[in-house]
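Hi,

Here is the structure I promised to pass on. Have a look at it, and then read my notes below.

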Amino acid sequence: MLALSRLMELAAATGFDSCGIARAHRLDHDALILSRWLELQHHGSMSYMTRDFEKRVNPEALVPGCKTVMVCILSYHKSKKQVEGAPFVSESGLSKCDYHLVMKSYLQKLENLITREYGAEVFSASHQHLFCDSAPILERRWAQLAGIGAIGKNRQLISPVYGSYIHIGILLLNQEADNYSQPFTDNLCHDCSLCLNACPTGALRDEPFDARKCVSYLTVERKETLPDKYKKTVENILYGCDRCAQVCPYNSHIQPTTHEELSADEAVLNMTADDWQHTSRRQKLRILRRLAK
Ligand code: SF4
Ligand code: SF4
């Protein structure tokens, strides 16, 4: 049987900022919300969200025999800002390395440590069991159930220690643990509505969240033509949107990331509006390619 305390030690030794584990089960309530969200077409052109519904809400459908969901986070907050006037790139997009690759290498290291201690049978040999934005799994919900933080009104995972500039990685394990992390149950938002007021499109006011109105969706995921009503809003935006994170009080006192790979790429950070103007579309894509999901 896995030991909660030992798993936490191994995650810390790997370099994760925080970690927790939750007992695997079907997320019945989230399944209802997801189903309503899809019915309303609030996913827009993210058609991948319509696939693998059962796997998305049930880790045992994703990896048969899964008993434990291990959630680990890496902070990517940067202390440096882009040059004034440059087209906006979100903080996650300014990292030196593609966060998917960074997270995967950390998770792989952790998997190796766990395997060395508990044996290879802890992980499914026939199913992918290591994820970072790469599988149908409700990462933020599992992070909350694993005690890492709350899902705020800005729909992001908020850690009281690391704020919301965090990447989530998941390992699915086929063994039970002697104990599980306490789910995070505090309401961190209370009567705050800073993010709702800061959102330029009102996306956070819809229940369930309407991704089609979110600037991150409009600048990263959207496949359809940009609706005229959003042209002004996204005018000087290259990639993503951090407005609802920037105003969140839980992000006001956090420390910059200690992970070198996730610190700011100085070359991109220092590009002026003029530099971007003189960068060809192909070159821009090359720079931003590492951000692609
Ligand atoms: S990322 Fe931007 S557009 Fe999307 S919900 Fe947050 S503030 Fe609104
Ligand atoms: S800005 Fe306020 S309401 Fe929004 S997520 Fe942060 S604490 Fe919650």
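Just after α5, G119 takes a positive phi of about 100°. Helices here are DSSP runs of H or I with at least four residues, strands are runs of E with at least two, and both are numbered from the N terminus. One caution: this is a predicted model, in which local features need pLDDT of at least 70 and side-chain atom pairs count only at pLDDT 80 or more, while totals for chains, interfaces and linings use all residues. Residues are numbered from 1 along each chain as its sequence is written, and chains are lettered from A and ligands numbered from 1 in the order in which they are written.

Back to α5, which covers residues 99–118. Its buried residues are Y99, V102, M103, Y106, L107, L110, E111 and I114; buried means that 20 or more other C-beta atoms, placed from the backbone, lie within 10 Å of the residue's own.

What about the largest nonpolar core, and which residues have the most contacts inside it? This core has 65 residues, and V69, M70, V71, W142 and I170 have the most contacts. Its largest share, 7 residues, comes from α5. A nonpolar core is a set of buried Ala, Val, Leu, Ile, Met, Phe, Trp, Tyr and Cys residues joined through C-beta atoms within 7 Å. A second, separate core of 8 residues includes V89, L94, L238 and A264.

Happy exploring!

Technical notes: Expected span 1.5 Å × (residues − 1). Buried ≥ 20, exposed ≤ 12 C-beta atoms within 10 Å, placed from the backbone.
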